Amino acid sequence: MVRNRHVVAALIVVPLLSLLGWWAAGHLVGEQPQPARVGMSYPLVEQSGCRYAGGHCTLENVDVSLSLSFSGAGPGRFLDVEASLALDAVLLAIGDRGVDVPPQPMTRRDDAGTRWGLALQSPPAPGNRIRLVAHARGIGWFGEAGTAFLQPAKSRPDSGD
């Protein structure tokens with residue numbers, strides 16, 4: 001056991017001072033969130049659920065959230081987008097990485113402008129990427145997501161399926 005009281009005090013105080021310094025540096029000189037400004041475009045970040053077969057993918061930027069899902073069967077398949085705020089327009093393109101695919105406008109599926117859909121002939125391929133641009137009140141948000149969340153879940157050998 002350590003018997004020197006100065007060493008014991010240092011072992012207690014140093015971690016507390018380092019945490020306080022980390023918090024103070026972030027609070028005093030770190031970048032603070034700003035409200036979105038008209039005429040600007042902001043990126044949407046692909047959340048972790050987009051990397052796994054689960055049927056849902058979320059793209060977020062501070063207070064803006066867009067949830068993507070696939071609904072329907074046969075010729076009535078839709079890629080749906082549900083937004084956390086009313087949008088004026090949504091453009092969407094699905095294609096391979098590095099290949100320019102012209103975006104298609106999504107259709108509004110409710111009066112509030114928070115639900116949008118795009119009819120698809122078939123589900124996107126596993127290697128495809130979804131590129132999305134949303135506009136609301138003169139502000140743009142753009143994002144990109146993989147299509148792994150749209151793929152059917154593979155059964156695990158140990159699950160008994």
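Which residue in E11 is the bridge partner of tyrosine 42?

A: The bridge partner of tyrosine 42 in E11 is tryptophan 141. Before we look around, some background: this is a predicted model, in which local features need pLDDT of at least 70 and side-chain atom pairs count only at pLDDT 80 or more, while totals for chains, interfaces and linings use all residues. Residues are numbered from 1 along each chain as its sequence is written, and side-chain values use heavy atoms, with hydrogens and water left out.

Now to the strand itself. Strands are DSSP runs of E with at least two residues, helices are runs of H or I with at least four, and both are numbered from the N terminus.

What about its partners? Two strands pair if DSSP finds at least two bridges between them. Strands of a sheet pair through backbone hydrogen bonds, either parallel or antiparallel. Strand E1 (residues 41-43) pairs with E11 in the parallel sense, over 3 bridges. Strand E10 (residues 129-136) runs antiparallel to E11, and 8 bridges join them. One example is histidine 135, whose bridge partner in E11 is glycine 140. E10 and E11 form a hairpin with 2 residues between the strands, and there arginine 137 takes a positive phi near 50°.

For comparison, look at an open sheet of 6 strands, in the order E2-E3-E4-E5-E9-E8, where the pairing is antiparallel. Strand E2 (45-46) and strand E8 (107-108) stand at the edges with a single partner strand each, so one side of each has no neighbour in the sheet. Within this sheet, strand E4 (residues 64-71) and strand E5 (residues 77-83) are joined by 6 bridges, and serine 67 stands opposite glutamate 82 in E5.

H1 spans residues 5-29 and includes leucine 20, which is exposed with a relative accessible area of 51%. H1 is hardly covered: of its 25 residues, the count of buried ones is 0.

Definitions and conventions: Buried means under 20% relative accessible area, exposed over 50%, partly exposed in between (1.4 Å probe, protein chains only).
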